[in-house]
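Student: Could we go through this chain together? I would like to start with its overall make-up.
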Amino acid sequence: RIICDREDEINAFIPEEYWSLEGDFQVKGEKKPLQAKFYGTDKKMDIHSKEEMDKLDEALQCYTMAMQITKELLAASPDDGKLKWNMYASYEQIGHIAELKHNYREAELLYRQSLEICRTNVKLGTRPFDEDALASSLYRLGALPLQRKATDEQKECLKEAMSIWKDLYNTTGDIVYKKNYDFAKKALRR
């Protein structure tokens, strides 16, 4: 019976065209390029045709071009807070996608880039960077499941995030900061 059921499944199988999208990205400060595979944005997305692949490839080229233009604009206008924020947000978003796909090392590299941008700009007082954005970056790097237990560096990131959110909660009374503090505390215990 099992063999017959399996044979029926094989006979009922209808082959479909399937495409995959992979890319190599050069990350500042890294010798090896970041290798990434596209799975989708919010959920897994299958690519069934050349037309779908071409659309994704076009979007990826647009994104890459936008990142390059932002870098060039930043070189010409290094004090532009909006451009710095866009670079920071891009690293955060791509890092989050890598994390969702369990590419933790790649996510770590991207989160480090965003943290560096954020930390520098919070110190400089560049708007719209603020302490909450810094704490969020620290949390993302600290809570990243690189190993079973958090590394000492990750624990320090989580402690710094907790300290910032505690101060923000004490200053503003905003419950969001208290909840973020609790998340960081829970992540620290792993």
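Student: How many helices and strands are there in the chain?
Tutor: This is a predicted model, and its chain holds seven helices and two strands.

Student: And which pattern does the chain follow along the sequence?
Tutor: Read in sequence order, the pattern is α-β-β-α-α-α-α-α-α.

Student: What share of the residues counts as buried?
Tutor: The buried share is 31% of the 190 residues in the chain.

Student: What about the accessible surface of the chain?
Tutor: The accessible surface is about 13200 Å², and carbon and sulfur atoms make up 54% of that area.

Student: Changing topic, how do the axes of α6 and α7 cross?
Tutor: Helix α6 covers residues 152–172 and helix α7 covers residues 175–188; their axes come within 8 Å and cross at roughly 160°. The two helices are therefore roughly antiparallel, since an angle over 145 degrees counts as such.

Student: Is that crossing left-handed or right-handed?
Tutor: The crossing of α6 and α7 is left-handed.

Student: Which residues meet there?
Tutor: On the α6 side they include L158, M162, W165 and Y169. On the α7 side, I175, Y177, Y181 and L188 are among them.

Student: How do the residues of that contact divide into nonpolar, polar and charged?
Tutor: The contact of α6 with α7 has 11 nonpolar, two polar and five charged residues. Among the residues taking part are the lysines K155, K159 and K166 in α6, together with K178 and K185 in α7.

Student: One last point: what percentage of contacts in the chain comes from residues 24 or more positions apart?
Tutor: Such pairs account for 52% of the contacts with a separation of 6 or more.

Technical notes
Residues numbered from 1 in each chain as written. Predicted model: local features only at pLDDT ≥ 70, side-chain atom pairs only at ≥ 80, totals over all residues. Heavy atoms only, no water. Helix = DSSP H or I, 4+ residues; strand = E, 2+ residues; numbered from the N terminus. Buried < 20%, exposed > 50% of the residue type's maximum accessible area, 1.4 Å probe, protein only. Contact = heavy atoms within 4.5 Å. Areas by Shrake-Rupley, 256 points an atom, 1.4 Å probe, with all protein chains shown as cover. Axes fitted to C-alpha atoms, helices over the stretch in contact; angles between N-to-C directions. Parallel < 35°, antiparallel > 145°, perpendicular 65-115°, else oblique. Left-handed = near helix turned anticlockwise from the far one by under 90°. Nonpolar A, V, L, I, M, F, W, Y, C, P; charged D, E, K, R; others polar.
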